[in-house]
Amino acid sequence: MTRPRIATIFTGGTISMLVDPAAGGAVPALDGAAILARTPGLDRIAEVVPVDLARTPASAFTFAGLLEIAAAIRDRCADPTIDGVVVVQGTDTIEETAFLFDLLQRSAKPVVVTGAMRNAGEAGWDGPANLRAAARVAASAEAAGRGVMVVLAGTIEPADDVTKTHASALDTFRSLNAGRLGRVEDGRVIFEREPGPRRGPLALERAAEPIPIVIATVAMDPSILDAVTALGPAGIVVEATGAGNTAPGLLDAATRAMTAGIPVVLTTRCPGGAAGTAYGFPGGGASWVRAGAMLAGTLTGPKARIALALGLGAGLARGGLSTLLAGPGASGPAVRVDPADAAGAAAGGGSR
């Protein structure tokens, strides 16, 4: 029986690390070949076509570097001899990078992102098990057309919803809104639900940046957002409290940013749920939308930032950005947006 051919792109991360006493902790050490040599049984699942790109900690990724990885994914998906793609990377930013790859992915071939929570020198290194599970999903005919997926600790998570919920737990990755797509169990790939409609795909040469994230907190000084605006960012993401609410002063500062032509996206600082228009008091979500802020559906702040950076990079105007952020099928805000405010916000709705 012919084994599926799975391109496996190695970019670094904890899965590639060993402890360096001189550095005082784990550092990148293993290339793709070394990781494969430490992953018994993988050759029984698929014929692995290794692609060594880098040994970069996930916290050090840049947009330019991520677009290079996305191009490598695209090139392998275009190869008729390749059945699927696995991306091996650090787990710190998987919830962002997998979503970025998903926004750019045009092929229906399975693309799976995986890594490890323990380094290669630790007892219970989870890298080999995660890599085998990811290869099983990438080799599964049922995985086609489901968008980019994250596979660690035996679960299959959608890129647009997955969140790292714990700093060190092996089962840290959860999809807190719609739930996981499925699981890998006893060597079987089991899908438990269909994925929701996907955003994208987008076409762009570069991402818009910088796009800072401002987190609303109790007794927050709104001049922080004014200082961010003074830097001339491509856009701003505000993580509001609860269902989209802040103090009035923070909204005033955001309004000044939108008047200056900077797109502002409103999401919640909660790990699940969405910012919305349920509250109409000054600083409530409805007042943010009236002022011209765009809602991000159930995207977390980091994911909303990815969507805004890629949407602006693709040259989307306000309407396209709003649809990209809210997601396919989302209804528009149930409040009236002031035309003057919307016009000011729209001025920053293209590539900057």
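This is a predicted model: local features need pLDDT of at least 70, side-chain atom pairs count only at pLDDT 80 or more; totals for chains, interfaces and linings use all residues.
**Reading contacts, burial and charge pairs**

Biologist: What counts as a polar contact?

Modeller: A pair of N or O atoms within 3.5 Å; within protein, one must be able to donate a hydrogen and the other to accept it, and residues adjacent in sequence count only if both atoms are side-chain atoms.

Biologist: And where does D161 lie?

Modeller: Helices (H or I, at least four residues) and strands (E, at least two) are DSSP runs, numbered from the N terminus. D161 sits in the loop between β8 (155–158) and β9 (162–164). Setting aside neighbours within four places in sequence, its contacts (heavy atoms within 4.5 Å) include R174, N177 and K303.

Biologist: How should I read the charge of D161, and which side chain of opposite charge is nearest?

Modeller: Lys and Arg count as positive, Asp and Glu as negative; His and the chain ends are not counted. A salt bridge needs a side-chain nitrogen of Lys or Arg within 4 Å of a carboxyl oxygen of Asp or Glu. Buried means under 20% relative accessible area, exposed over 50%, and partly exposed in between (1.4 Å probe, protein chains only). D161 is buried yet has no salt bridge, and R193, the nearest side chain of opposite charge, is 5.1 Å away.

Biologist: How many salt bridges does the structure hold?

Modeller: In general, side chains of opposite charge can pair when their charged atoms come close. This structure holds eleven salt bridges. One of them joins D171 and R174 (3.2 Å, N to O); D171 is partly exposed at 41%, and R174 is partly exposed at 38%.

Biologist: Which residues are linked in a network of salt bridges?

Modeller: R180, R183, E185, R188 and E192. Within it, R183 pairs with E185 at 3.0 Å, N to O, and with E192 at 2.6 Å between the closest N and O atoms. R183 counts as partly exposed because its relative accessibility is 23%.

Biologist: Is Q89 buried or exposed?

Modeller: Q89 counts as buried because its relative accessibility is 1%. Q89 is in the loop between β5 (84–88) and α3, and its side chain has a polar contact of 2.7 Å with that of T97.

Biologist: How do α3 and α8 pack?

Modeller: Axes are lines fitted to C-alpha atoms, for helices over the stretch in contact, and angles run from 0 to 180 degrees between N-to-C directions. Helix α3 (residues 94–104) and helix α8 (residues 301–313) pack at about 35°, with axes 9 Å apart. A crossing is right-handed if the near helix is turned clockwise from the far one by less than a right angle, and left-handed if anticlockwise; here α3 and α8 cross in the right-handed sense. Among the residues that meet are F99 and L103 in α3 and I306 and L310 in α8.

Notes:
Residues are numbered from 1 along each chain as its sequence is written. Side-chain values use heavy atoms; hydrogens and water are left out.
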